[in-house]
Amino acid sequence: SIELREGGITIELYVIAQYGTRISEVAHNLMSAVRYAVERTLGLPVLAVNVNVQGIHLEDEGAKR
């Protein structure tokens, strides 16, 4: 979700992480990539990018075989 505020915008991301990934590293990379893309494309300052991990995706046993 995106909220337009005085001075810029705030972005909330909701993701499901793959089991075994470093969640903090994934969240940091998402924040940086989204901030860069939005500021470059729209020319608006991004006040915050919040990454909310909604869950962990476990690989299905049938997919491994």
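The following legends describe close-up views of a predicted model of a single chain.

**View 1. The whole chain and its order of elements.** The secondary structure of this predicted chain consists of two helices and three strands. Read from the N terminus, these elements follow the order β-β-α-β-α. The chain has a radius of gyration of 15 Å, well over the 11 Å that the globule rule gives for 65 residues, so the chain is more spread out than a compact globule. Its C-alpha trace extends about 50 × 20 × 15 Å along the principal axes. Of the 65 residues in the chain, 18% are buried. The accessible surface amounts to about 5100 Å², and carbon and sulfur atoms account for 53% of that surface. Where contacts link residues at least 6 apart in sequence, 67% of them join residues at least 24 apart.

View 2. The strands form an open sheet in the order 1-2-3, and their pairing is mixed. Strand 1 (2–5) and strand 3 are the edge strands; each has a single partner strand, so one side of each lacks a neighbour in the sheet. On average, and with direction ignored, neighbouring strands of this sheet are turned by 20° against each other. Strands of a sheet pair through backbone hydrogen bonds, in either a parallel or an antiparallel manner.

**View 3. The hairpin of strand 1 and strand 2.** Strand 1 and strand 2 are paired in the antiparallel sense, with four bridges between them. One of the residues in this pairing is Arg5, whose bridge partner in strand 2 is Gly8. Two residues lie between the strands of the hairpin, and Gly7 adopts a positive phi near 100°.

**View 4. The parallel pairing of strand 2 and strand 3.** Strand 2 and strand 3 run parallel and are joined by ten bridges. Val15 has Val53 of strand 3 as its bridge partner.

View 5. Helix 1 lies across strand 2 and strand 3, and runs at about 140° to strand 3. The largest nonpolar core contains nine residues: Ile9, Ile11, Leu13, Ala27, Val34, Val38, Val46, Val49 and Val51. At least two residues of this core come from each of strand 2, helix 1 (23–42) and strand 3 (46–57). In soluble globular proteins, nonpolar side chains tend to be buried together.

View 6. Gln18 belongs to strand 2, which covers residues 8–18. This residue is partly exposed, its relative accessible area being 33%; that value falls between the limits of under 20% for buried and over 50% for exposed residues. When neighbours within four places in sequence are left aside, Gln18 is in contact with Ile56, His57 and Glu59. The C-alpha atoms of Gln18 and Gly55 are separated by 8.8 Å, although these residues are 37 residues apart along the chain.

Methods. Residues numbered from 1 in each chain as written. Predicted model: local features only at pLDDT ≥ 70, side-chain atom pairs only at ≥ 80, totals over all residues. Heavy atoms only, no water. Buried < 20%, exposed > 50% of the residue type's maximum accessible area, 1.4 Å probe, protein only. Contact = heavy atoms within 4.5 Å. Core = buried A, V, L, I, M, F, W, Y, C linked by side-chain atoms within 4.5 Å. Pairing = 2+ DSSP bridges. Axes fitted to C-alpha atoms, helices over the stretch in contact; angles between N-to-C directions. Rg over C-alpha atoms; globule rule 2.2 N^0.38 Å. Areas by Shrake-Rupley, 256 points an atom, 1.4 Å probe, with all protein chains shown as cover.
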